[in-house]
Structure formats: structure tokens, C-alpha cells
Amino acid sequence: MSCNLTTGFLLTCNDAVGGIKNIYLINHDQVSGVTVSAGEMTAATGTVFQYQPNKNTGSVTFNPTVSLENGTVFYTHQLQFTLGKLSVEKRNELEILAKAKVMVFVEMNDGQTMVLGYGTGAFMTAGTFQSGATFGDLQGYQITITADEQNQPLFLPVGDYVDDIGLTIYVPGP
């Protein structure tokens, strides 16, 4: 493996937007037919479950951990999002999620989709389930899903959505 740099980056237009539009979760062992090339997942089969976070509450970070002493590097992928309104259905599903190993597809507001937990899987590592104290407080769930991986998150090809690469989307009822 070569560790020589191959390119540089110039300042581009200020046209980026932050935030998350949709989250799609799938049990890690139920993904098949995966094709990955040059940091992009171009094919996969399985059924993903759509989670739509409250507006302006979701974010993804991926941080490198480098040990010069040990000669190692890995990346921690972390997704944080909020689901509004407590319910029995959400309670039951989040209890399953807390025990599951998943792969996560994050559709961002700019149209790009990242894949977290491709190699070793992602896990729910924190959550706050709350009623709120006043009428204007959050009544709902704040969830953190984390993966430690050898690489940064994969992307889907620009303009592709999860169903474009072969995944089936399960969209819950209202």
C-alpha cells in the first residue's frame, strides 16, 4: 500500500449544506451482493428500514484515531439524530436496535448518501428517551449509532439513492 499523496484541493464554491434528510438501517448480516469500488458502494441487495429524523437534528461525524506508537489508524463513524413523539411502536423497535448490529445509509440534505458500519457493523451506543418538561420541550428519542472501521464511510455514487443500487426500502405507515 502506498502512503504517498496523490492530489491537492482548491477552495470551491460555497454551495454545501449540512444536515440529514433520511436514515436507512439494515441488519448487517442481511446485506448481500455488495460491490465497492474506489470508496463507493455501487450495488447491494436487502431491505432497509427508513427512519426520518426531526428536522435539523441529525448529523454524521467520522474521526480518525491515529497511533504513531503502534502504527495503527481507524475511523469512528457516529450518527446522531432525534425521532419525535414517544410511542409503543418506537419503543419496541428501538429496543431491538439497541441489541442489533446494523449498516446505516445516511441520505444528507445535499443529496449525497454515506454508508456507516460497512465493515464491522454499527451499534446503538447511546440514547435519551424523554417526555419533556414543558409544552415546547422534546418528547421523543435522541439516538447515537457508532461504528469503528478501518476506513472512512463509503458513499453511494453521486445522485444515487439506496434503491438505485438495488436495496428495497421499507417505508413505515404514518
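Which residues does glutamine 112 touch, not counting residues up to four places away in sequence? They are Val106, Glu107 and Phe155, where contact means heavy atoms within 4.5 Å. The structure is a predicted model, in which local features need pLDDT of at least 70 and side-chain atom pairs count only at pLDDT 80 or more, while totals for chains, interfaces and linings use all residues. Residues are numbered from 1 along each chain as its sequence is written, and side-chain values use heavy atoms, with hydrogens and water left out.

Glutamine 112 is placed in the loop between E6 and strand E7 (113–116); helices (H or I, at least four residues) and strands (E, at least two) are DSSP runs, numbered from the N terminus. Glutamine 112 counts as partly exposed because its relative accessibility is 33%, given that buried means under 20% relative accessible area, exposed over 50%, and partly exposed in between (1.4 Å probe, protein chains only). The side chains of glutamine 112 and aspartate 110 are joined by a polar contact of 2.8 Å. A polar contact is a pair of N or O atoms within 3.5 Å; within protein, one must be able to donate a hydrogen and the other to accept it, and residues adjacent in sequence count only if both atoms are side-chain atoms. Between the C-alpha atoms of glutamine 112 and lysine 90, 22 residues apart along the chain, the separation is 27 Å.

Glutamate 107 belongs to strand E6 (residues 102–108) and, at 6% relative accessibility, counts as buried. Its side chain forms a polar contact of 3.2 Å with the side chain of tyrosine 24. When neighbours within four places in sequence are left aside, the contacts of glutamate 107 include Ile20, Lys21, Asn22, Gln112 and Tyr161.

Histidine 28 sits in the loop between strand E1 (20–27) and strand E2 (32–37). This residue is also assigned to the buried class, because its relative accessibility is 16%. The side chain of histidine 28 reaches the backbone oxygen of tyrosine 118 at 2.9 Å. Beyond residues up to four places away in sequence, histidine 28 touches several others, among them Lys101, Val102, Met103, Gly117 and Gly121.

Cysteine 3 counts as exposed at 66% relative accessibility, and cysteine 13 counts as exposed at 61%. With a disulfide taken as a pair of cysteine sulfur atoms within 2.5 Å, the count comes to 0 disulfides.

Valine 66, found in strand E4 (residues 59–67), counts as exposed at 54% relative accessibility.
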